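Biologist: Could you walk me through this one? I'd like to go place by place.

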Amino acid sequence: MKKKIVLPLCLLLVIVLINGGFDLVECRPHRGHRLRKDDYMMFVFGDSLVDAGNSPPTAAGDDRGRSRQWSYPYGSSDEAHGNRPTGRLSDGLVQSDFLARILGQAESPPAYRLRQPNEVDPSGVNFAMAGSGVTAPSSSLKSGGPPSLSNQIDQLSRLVRHRIIEDKDLDYSVALIAFTGGHDYSRLNVATSSDDVSSLDT
């Protein structure tokens, strides 16, 4: 009985999607929502899925030249940036750009690395960096490596503590957290003990 129902439902879903059924989806602000797009800030945490230029053009200690996301073919389909690399690991936009567009912004908030001292862009801050992980060792940041999720949250906390980002900015903020998990899993193998797993920084 269940098999007889599942197949027709799957076919119906495919037909609806092919015929443009996705046009029926709409999003409305909830009651009390402020409608001006500059009333909120977007904060982005993660790795290469959402990095909008936090990885420096030249990697620390790398004498071979530019980091790969600052070289062709990255950015080659990104007309908004002149088809040039922008530090995104994509030939165009990354997830943070798409969410920003859904929320009415032109693109992801600027990279944390590019912000001016004692100020942030009104659209928010992108703390994400390619190579980051949720459980990256704390020594990674000190040695010039990418910040872990907790390091990225610490960067936001410092901005709030120094009142560069005010409490009222957080009231209507949006946070995007996106990690592939590959950098965390690559540090584990069959020889990793449960004690090693429990000692990972989070």
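**Helix H2 and its surroundings**

Modeller: The buried residues of H2 pack against E1, strand E2 (124-126) and strand E3 (174-178), with contact meaning heavy atoms within 4.5 Å. Helices (H or I, at least four residues) and strands (E, at least two) are DSSP runs, numbered from the N terminus. It's a predicted model, where local features need pLDDT of at least 70, side-chain atom pairs count only at pLDDT 80 or more, and totals for chains, interfaces and linings use all residues. Residues are numbered from 1 along each chain as its sequence is written, and side-chain values use heavy atoms, leaving out hydrogens and water.

Biologist: Which residues of H2 are buried?

Modeller: Buried means under 20% relative accessible area, exposed over 50%, partly exposed in between (1.4 Å probe, protein chains only). On that basis the buried residues of H2 are Ser96, Asp97 and Ala100. They sit on the same side of H2, because they cover an arc of only 100 degrees around the axis, taken from the directions from the helix axis to the C-beta atoms. So the names for that side of H2 are Ser96, Asp97 and Ala100.

Biologist: Is Ser55 buried or exposed?

Modeller: Ser55 is in the loop between strand E1 (42-46) and helix H2 (95-102). Ser55 touches Gln69, Trp70, Arg113, Met129 and Ala130, not counting residues up to four places away in sequence. Its relative accessible area is 7%, so Ser55 is buried.

Biologist: What separates the C-alpha atoms of Ile153 and Phe45?

Modeller: Ile153 lies in helix H4 (residues 149-161), and is partly exposed at 37% relative accessibility. Ile153 and Phe45 are 108 residues apart along the chain, and their C-alpha atoms are separated by 7.7 Å.
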